[in-house]
Amino acid sequence: MNPVLLTNLSDGIYTITINRPDKLNALNQEVLRSLNQELDTIYADNNIKSVIITGSGPKAFVAGADISEFNQMDETQSRQMAKAGQDLFFRIERSPKPIVACVNGFALGGGCELAMSCHFRIASPNAQFGQPEVNLGIIPGYGGTQRLVQLIGKGRALELIMSGNLIDANTALQYGLVNHIVAPEELINKATTILKTIQAKAPIAIAHCIICANAVFDETQHGYEQEVNSFGACFNTSDRVEGTQAFLEKRKPIFTGK
Ligand code: COA
């Protein structure tokens with residue numbers, strides 16, 4: 001049987017391809033379990049500097065949670081499913097290494113939620129985004145009601161979530177849901193170019209950029225206080241010494257992640 005995830009590490013960039021193209025890469029339990037294992041690897045492996053998540057085939061990034069698994073579930077199981085999905089997507093959002101979604105087609109339901117848990121998104125012109133759960137009599141359960149509001153604002157988010165309507169790549173760009181639109185064959189190249197730029201910076205500073213941006217949306221944290229703490233933590237690194245010294249010596253810094 002084909003693996004549900006394909007992975008590749010090149011130049012520090014770990015690419016994860018969700019590989020169920022005949023089911024439009026729908027997130028079944030096996031995919032979610034495998035993604036969790038990949039997050040263990042991403043957090044632990046020092047050779048991985050940044051991550052790309054994409055979907056297999058020309059049609060879909062991910063067309064949602066696997067609807068065929070819904071029928072046997074009762075309320076308790078549905079709560080467990082939503083909680084487990086949210087926890088997985090928090091691990092993506094809170095990863096100290098940048099994670100980019102390359103959206104190559106449908107990003108619906110859990111697929112839109114997966115893309116939104118990544119640090120930013122790049123789309124191909126055939127990408128379509130939406131939270132069509134209301135068509136099934138349910139609502140988004142993997143953080144979609146929260147992150148869509150964060151990313152595009154309450155009015156636009158509620159229109160999408162309540163109507164189940166899809167938006168195309170251009171509208172997603174206009175809403176700020178995606179950063180760039182590039183041809184499908186250029187998606188990985190575009191993400192790679194941006195990630196290589198980020199990888200040349202001090203890794204501890206990059207991790208703190210993510211921590212501070214996440215703090216904006218975390219009720220338990222004070223974002224400005226976090227920024228002070230993160231600024232201090234960066235100041236206390238060898239990479240800060242190297243970065244400032246390299247500037248004064250008019251040379252490129254060599255960061256070591258320390
Ligand atoms: N869960 C399980 N299977 C899915 C799926 C999902 N979320 N999305 C697509 N598939 C499967 C289809 O059942 C079909 O399988 P089959 O060939 O064995 O019948 C296959 O993927 C291809 O999908 P199909 O519907 O034939 O493609 P299409 O081009 O006609 O339509 C979509 C594409 C995305 C519009 C349509 O598949 C769709 O609406 N999917 C569900 C989206 C959704 O509601 N997501 C939120 C879930 S909570």
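Is Met162 buried or exposed? Met162 has a relative accessibility of 60% and therefore counts as exposed, the cut-off for that class being over 50%. This value, like the others below, is computed from a predicted model.

## Met162 and its helix

Met162 belongs to helix α5, which covers residues 154-163. Along the sequence, Met162 and Ser124 are 38 residues apart. In space, the C-alpha atoms of Met162 and Ser124 are 25 Å apart.

## Domains and their contact

The domain assignment divides the chain into domain 1, residues 5-198, and domain 2, residues 202-248. Taken over C-alpha atoms, the centres of domain 1 and domain 2 are 26 Å apart. Domain 1 contributes 9 residues to the contact, and domain 2 contributes 5 residues.

The size of an interface is often given as the accessible area lost when the parts come together. Between domain 1 and domain 2, the buried area is about 560 Å². Carbon and sulfur atoms give 65% of that area. On the domain 1 side, Pro96, Gln150 and Ile198 lose the most area to domain 2. Together, Pro96, Gln150 and Ile198 account for 59% of what domain 1 buries. The number of salt bridges between domain 1 and domain 2 is 0.

## Buried segments

Helix α3, residues 110-117, is mostly covered, with 8 of its 8 residues buried. Among them are Cys112, Glu113, Leu114 and Met116. The buried residues of α3 also include Gly110, Gly111, Ala115 and Ser117.

Ser50 is placed in strand β3, residues 50-55. The relative accessibility of Ser50 is 0%, so Ser50 counts as buried. With neighbours within four places in sequence left aside, Ser50 is in contact with Gly12, Ile13 and Tyr14, among others. The contacts of Ser50 also include Lys97, Pro98, Leu195 and Gln199.

## A nonpolar surface patch

Ile67, Leu136 and Ile138 form a nonpolar patch on the surface. Together they have about 250 Å² of accessible area. Leu136 sits in the loop between β8 (128-130) and α4 (144-152). With a relative accessible area of 46%, Leu136 is partly exposed.

## Salt bridges

The whole structure contains 8 salt bridges. One of them joins the side chains of Arg79 and Glu75, at 3.1 Å from N to O. Arg79 and Glu75 are 4 residues apart in helix α2 (residues 75-93), so about one helical turn separates them. Arg79 is exposed at 57% relative accessibility, and Glu75 is exposed at 54%.

Lys83 and Asp87 also meet through their side chains in a salt bridge, with an N to O distance of 2.9 Å. Because Lys83 and Asp87 are 4 residues apart in helix α2, they are separated by about one helical turn. Lys83 counts as partly exposed at 47% relative accessibility, and Asp87 counts as partly exposed at 32%.

Another salt bridge links the side chains of Arg251 and Glu242, at 2.8 Å from N to O. Arg251 is partly exposed, with a relative accessibility of 33%. Glu242, with a relative accessible area of 16%, is buried, since buried means under 20%. Glu242 and Arg251 are linked with Glu249 in a network of salt bridges.

## Positive phi angles

Most residues other than glycine have a negative phi. Asp11 has a positive phi, near 55°. Asp11 is in the loop between β1 (5-10) and β2 (13-18). The relative accessibility of Asp11 is 53%, so Asp11 counts as exposed.

Asn25 also has a positive phi, near 60°. Asn25 is found in the loop between β2 and α1 (29-44). Is Asn25 buried or exposed? The relative accessible area of Asn25 is 0%, so Asn25 is buried.

Notes:
Residues are numbered from 1 along each chain as its sequence is written. This is a predicted model: local features need pLDDT of at least 70, side-chain atom pairs count only at pLDDT 80 or more; totals for chains, interfaces and linings use all residues. Side-chain values use heavy atoms; hydrogens and water are left out. Patches are made of residues with over 30% relative accessible area and no salt bridge: like charges are joined within 9 Å, nonpolar side chains (Val, Leu, Ile, Met, Phe, Trp, Tyr) within 5 Å. Accessible areas come from the Shrake-Rupley method with a 1.4 Å probe; for residues, only the protein chains shown count as cover. A salt bridge is a side-chain nitrogen of Lys or Arg within 4 Å of a carboxyl oxygen of Asp or Glu. Helices (H or I, at least four residues) and strands (E, at least two) are DSSP runs, numbered from the N terminus. Buried means under 20% relative accessible area, exposed over 50%, partly exposed in between (1.4 Å probe, protein chains only). Domain bounds come from an automatic or database domain assignment. Contact means heavy atoms within 4.5 Å. Buried area is the accessible area (1.4 Å probe) that two parts lose on being put together, summed over both.
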